[in-house]
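Try each task before reading its solution.

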Amino acid sequence: MTHRLPGEHALTDLGFPARDTTVPSSPAAFPDGGTWRTELPSCEGPAVLEAVLAESERLDVPLHRISQGSGVWMLTDAEISEMVAACDQRGVELCLFLGPRGTWEPGAGGRSYTASGPRARGRDQLAQCVEEAERAVALGVRCLLVADEGVLWTLHRMRVAGKLPADVTFKVSALVGPVNPASFAVWEMLGGDSLNVPSDLTVAQLAEIRAVSAAPIDFYVETPDDLGGFVRMYDAAELVRCGAPIYLKFGLRNAAPIYPVGQHLRSLAVDGGRERVRRGRLVLDTLARLGAGGGMSPLGSRDPGPLRRFPATEAVPTP
C-alpha cells in the first residue's frame, strides 16, 4: 500500500532530512483480501447500539464489529437478543465481554495489582466465565471478548471439542494486550482470533509482531484514559501498512468511566457512543486525505483466517 505521509512534502521542500521509512510493510491480509476493518468499542446495551447504528449511517462510518465492555452478565437475555438481531440485520459482528473479573470481586488483589485485575480469579470465576460464554452463544453471539489466558484456553478447548460452535471467535482484551512478538504468538496459540495490543506500541513494534504472526491485531486509534489516552489518528495509515490485518478501534479519551453500565449512566453511554462514531469519521477522513482509504474489508466480514494453535486435546494435568 502506498500513501503519503502527513506534512512530509512541505518539510522536504524546506530541506529537512528525509524521514526514516525502513519499517517493513505487512505481507498479510484478511481472507477477504482487505487489510483493515473497523470496530466501535464500549457499546453497552440496546440503547447505545441504536444510537451508534443511527450515527454510523448519518456520518457514513462503516462498522465491521461492535464490542461491549461491561460483560454478558450485565445484560438480560432480551437485551442480548435485541443486540444480536440489530447487528445481524446490518451485517455487523457483535462482541460481548466475558465476566466476572477480578476488579469486581471481594479480593483486593484485582485492584492492587493492575495487571491481574481483569483476569478471572480462582476456579469459580473461570467457571462463571464459561457459563457466560455458553449463555451468550446460545443467544446468537458469535464473538466473545476475553481478558484471561486461562479462560481463553478453556473456551478454545471447548470449541475444538465441539462444545462451542466452530464459528465462535475469541477477541483478546486491551486490558491484557500482549506487548512483544513472543507474548502475541502465545495468545494466538491459546485460541485468540484477534488480539488487542496496547496503543503505545510504535509502528516498528507492530511490524515486529506481524513478522511472527498473521493473527488480526486490534488497535485503539484513540484510547480511553484508563488505557493511556493516546490519540494516534495521523498514524492510522502506517498502522494499516505495517500491522495489517488490523481492526481500527474508535475509542474516546477524556470521557467518564461507565463500566459496569446501567440506566443511571445511560445518557453518558449513548453520548459517548455517538462521539466514538464521530471520531471514526475523523479517522476515515484522515486515511482518505493521505491516500490510504482503500483496502477496507467488505462489510459483514469476520473471518480471521487460519491461525496457529497449541494442541488442545490433552486432559488438564493433575498432581
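**Exercise 1.** This is a predicted model. Find out how much space lies in the second largest cavity, and which residues line it.

*Solution.* Start with the volume: the second largest cavity holds about 30 Å³ of space. Next, pick out its lining, which consists of Arg65, Thr169, Asp193, Ser194, Tyr247, Arg302 and Pro304. Finally, sort these residues by class: two are nonpolar, two polar and three charged.

**Exercise 2.** Work out how many cavities of 30 Å³ or more the whole structure has, and describe the largest cavity.

*Solution.* A search of the whole structure turns up two cavities of that size. The largest cavity contains about 60 Å³ of space. Its lining is made of 13 residues, and those closest to the centre are Leu98, Cys129, Ala147, Asp148 and Val151. Now check the classes: the lining of the largest cavity has 10 nonpolar and three charged residues, with no polar ones.

**Exercise 3.** Decide how helix H8 (residues 203-210) and helix H9 (residues 236-243) are arranged: roughly parallel or roughly antiparallel?

*Solution.* First look at the axes, which come within 8 Å and cross at roughly 20 degrees. Angles under 35 degrees count as roughly parallel, so H8 is roughly parallel to H9. For the handedness, H8 passes H9 in a right-handed crossing. Then list the residues in contact: H8 contributes Val203, Leu206, Ala207 and Arg210, while H9 contributes Glu238, Leu239, Cys242 and Gly243.

Conventions
Residues are numbered from 1 along each chain as its sequence is written. This is a predicted model: local features need pLDDT of at least 70, side-chain atom pairs count only at pLDDT 80 or more; totals for chains, interfaces and linings use all residues. Side-chain values use heavy atoms; hydrogens and water are left out. Axes are lines fitted to C-alpha atoms, for helices over the stretch in contact, and angles run from 0 to 180 degrees between N-to-C directions. Helices (H or I, at least four residues) and strands (E, at least two) are DSSP runs, numbered from the N terminus. Angles under 35 degrees count as roughly parallel, over 145 as roughly antiparallel, 65 to 115 as roughly perpendicular and the rest as oblique. A crossing is left-handed if the near helix is turned anticlockwise from the far one by less than a right angle, and right-handed if clockwise. Contact means heavy atoms within 4.5 Å. On a 1 Å grid over the protein atoms alone, a cavity is a set of points where a 1.4 Å probe fits but cannot get out, and a pocket is an open set with protein on both sides within 12 Å along at least five of seven lines; lining residues have an atom within 4 Å of a point. Grid points are joined across faces, edges and corners, and a volume is the space filled by probe spheres set on the points. Ala, Val, Leu, Ile, Met, Phe, Trp, Tyr, Cys and Pro count as nonpolar, Asp, Glu, Lys and Arg as charged, and the others, Gly among them, as polar.
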